[in-house]
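Please look through the sequence and the model below before reading on.

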Amino acid sequence: MSENVQMKAEHDADLKQLGRLTRRELKELEEKEKTPIQKVMEVVLMILPLVCGVVAILEYLLLPDQSRNKNPMYYVYVLVIFMIIYFCCGLMAAYNKWKGNKVFYEKVRFVAPLCSALFLLLALYDYLTLKTGTLTQPFVPCMNFIINAFVADYPMLIECTIHTLRLLMIGYCIGVSLGLVTGITCGYSKKVRYWVDPVIKFLGPIPTSTWIPVIMVVSTSLFAGAVFIIALGSWFAVTVASLTGISNVDQEFFEAARTLGANKRQLVFRVAIPHAMPSILQGCTQAMSSSCVALMIAEMLGVKAGLGWYMTWQTGWASYDKVFAALFVICLIFTLVTKVLERIKRHVLRWQNGVEK
């Protein structure tokens with residue numbers, strides 16, 4: 001009898017200990033010991049980006065150029081900087097793994113194939129542009145031309161980036177705020193949805209570019225018109241996502257809350273919105289994509305600065321290297337903004353994981 005009690009106590013202690021473990025610790029407990037071949041392949045995978053970086057540098061330096069290449073070492077400097085950054089991250093990851101923390105090591109290992117593919121893609125692009133001329137220059141400039149353009153015109157690019165971010169954030173915040181109000185109200189109240197739903201179905205499918213003639217006639221300023229175009233796309237995405245999320249909340253949750261004495265305000269903010277939060281945040285992410293598309297169209301209305309305006313201006317002068325430089329800046333900005341939104345989404349929805357990370 002005493003043995004059974006002791007075994008039960010030990011079993012309960014083990015369960016309590018498992019309950020305290022994080023999801024990552026549980027994953028490490030379930031992992032099998034790697035074979036020597038797997039360990040070697042993992043080392044090769046971690047070193048592969050550096051090898052591919054060396055390949056890209058050798059391709060650029062050893063093969064002859066087919067066109068005049070100003071400041072040829074700029075491209076090499078950029079590749080070396082990327083390699084140094086990855087090498088430092090790899091050393092830090094290896095040190096953390098040796099100390100018993102595998103989190104950063106797994107992140108570096110995850111991006112290693114992507115870094116390798118990036119270096120090889122840069123080498124292929126350089127071969128097709130500068131080395132062979134398969135992609136006609138100057139319409140498709142090589143990477144060194146683009147880097148030279150950025151170095152030569154970076155003050156203007158920084159100024160245009162600031163204007164673009166200001167226009168994007170103002171339009172996006174206005175559109176998301178109005179979309180949350182419209183979507184949550186329509187999703188919770190059938191009476192409001194009856195009147196607003198036709199407006200959503202009418203305005204939503206209209207392409208952003210079709211509003212340009214109307215905005216140029218009606219708007220008091222071109223900046224306000226550009227904000228309206230961006231806000232409209234964000235509003236539609238957030239409205240539809242919020243409306244769908246609120247409508248899909250199980251009615252049993254509302255009935256249970258009413259039974260416990262919840263009023264209408266509590267039903268909205270304590271029941272409807274928390275359960276619809278995954279859909280709402282997904283709509284905010286989609287709204288950013290819509291805003292990025294609308295931004296380029298909005299900056300063609302005649303604003304005085306911005307990356308879209310800069311690209312249009314440089315295209316008129318056939319400076320395609322500067323156009324590509326602005327394009328890379330746009331991609332970098334939108335990638336960073338999307339990453340920030342994803343982090344916010346993971347933080348807000350951390351309860352979905354069930355256990356601590």
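The count of salt bridges comes to 4, where a salt bridge is a side-chain nitrogen of Lys or Arg within 4 Å of a carboxyl oxygen of Asp or Glu. The model is a predicted one, in which local features need pLDDT of at least 70 and side-chain atom pairs count only at pLDDT 80 or more, while totals for chains, interfaces and linings use all residues. Residues are numbered from 1 along each chain as its sequence is written, and side-chain values use heavy atoms, with hydrogens and water left out.

**Overall make-up**

- The secondary structure of the chain comes to 13 helices and 0 strands, where helices (H or I, at least four residues) and strands (E, at least two) are DSSP runs numbered from the N terminus.
- Read from the N terminus on, the elements of the chain run α-α-α-α-α-α-α-α-α-α-α-α-α.
- Of the 357 residues in the chain, 35% are buried; buried means under 20% relative accessible area, exposed means over 50%, and partly exposed lies in between, with a 1.4 Å probe and protein chains only.
- Among contacts between residues at least 6 apart in sequence, 74% join residues at least 24 apart, a contact being heavy atoms within 4.5 Å.

**Salt bridges**

- The side chains of Lys 97 and Glu 42 meet in a salt bridge, with 3.3 Å from N to O.
- Lys 97 lies in helix H4 (residues 73-98) and Glu 42 in helix H3 (residues 36-62), so this pair ties together parts that are 55 residues apart in sequence.
- Lys 97 is partly exposed, at a relative accessible area of 32%, whereas Glu 42 is buried, at 10%.
- Glu 42 also meets the side chain of Arg 109 in a salt bridge, with 2.8 Å from N to O.
- This second pair links distant parts of the chain, with Glu 42 in helix H3 and Arg 109 in helix H5 (residues 103-131), 67 residues apart.
- Arg 109 counts as partly exposed, at 23% relative accessibility.
- Lys 131 forms a salt bridge with Asp 65, and the closest N and O atoms of this pair are 2.5 Å apart.
- Lys 131 in helix H5 and Asp 65 in the loop between H3 and H4 are 66 residues apart, and the pair links distant parts of the chain.
- Lys 131 counts as buried, at 4% relative accessibility, while Asp 65 counts as partly exposed, at 35%.
- Through salt bridges that share partners, Glu 42, Lys 97 and Arg 109 are joined into one network.

**The packing of H12 and H13**

- Two packed helices are described by the angle between their axes and the distance between the axes.
- Helix H12 (residues 307-316) and helix H13 (residues 320-348) pack at an angle of about 165°, and their axes are 8 Å apart; axes are lines fitted to C-alpha atoms, for helices over the stretch in contact, and angles run from 0 to 180 degrees between N-to-C directions.
- H12 and H13 are therefore roughly antiparallel to each other, given that angles under 35 degrees count as roughly parallel, over 145 as roughly antiparallel, 65 to 115 as roughly perpendicular and the rest as oblique.
- On the H12 side, the contact is made by Leu 307, Tyr 310, Met 311, Gln 314 and Thr 315, and on the H13 side by Tyr 320, Lys 322, Val 323, Ala 326, Leu 327, Val 329, Ile 330 and Ile 333.
- By class, the contact of H12 with H13 has 10 nonpolar, 2 polar and 1 charged residues, where Ala, Val, Leu, Ile, Met, Phe, Trp, Tyr, Cys and Pro count as nonpolar, Asp, Glu, Lys and Arg as charged, and the others, Gly among them, as polar.
- Thr 315, which is found in helix H12, is partly exposed, with a relative accessible area of 38%.
- Leaving aside neighbours within four places in sequence, Thr 315 is in contact with Tyr 320 and Val 323.

**Residues with positive phi**

- Asn 71, whose place is in the loop between H3 and H4, has phi near 50°, a positive value in a residue other than glycine.
- Asn 71 counts as partly exposed, at 34% relative accessibility.
- Ala 318, found in the loop between H12 and H13, has phi near 60°, a positive value in a residue other than glycine.
- Ala 318 is partly exposed, with a relative accessible area of 41%.
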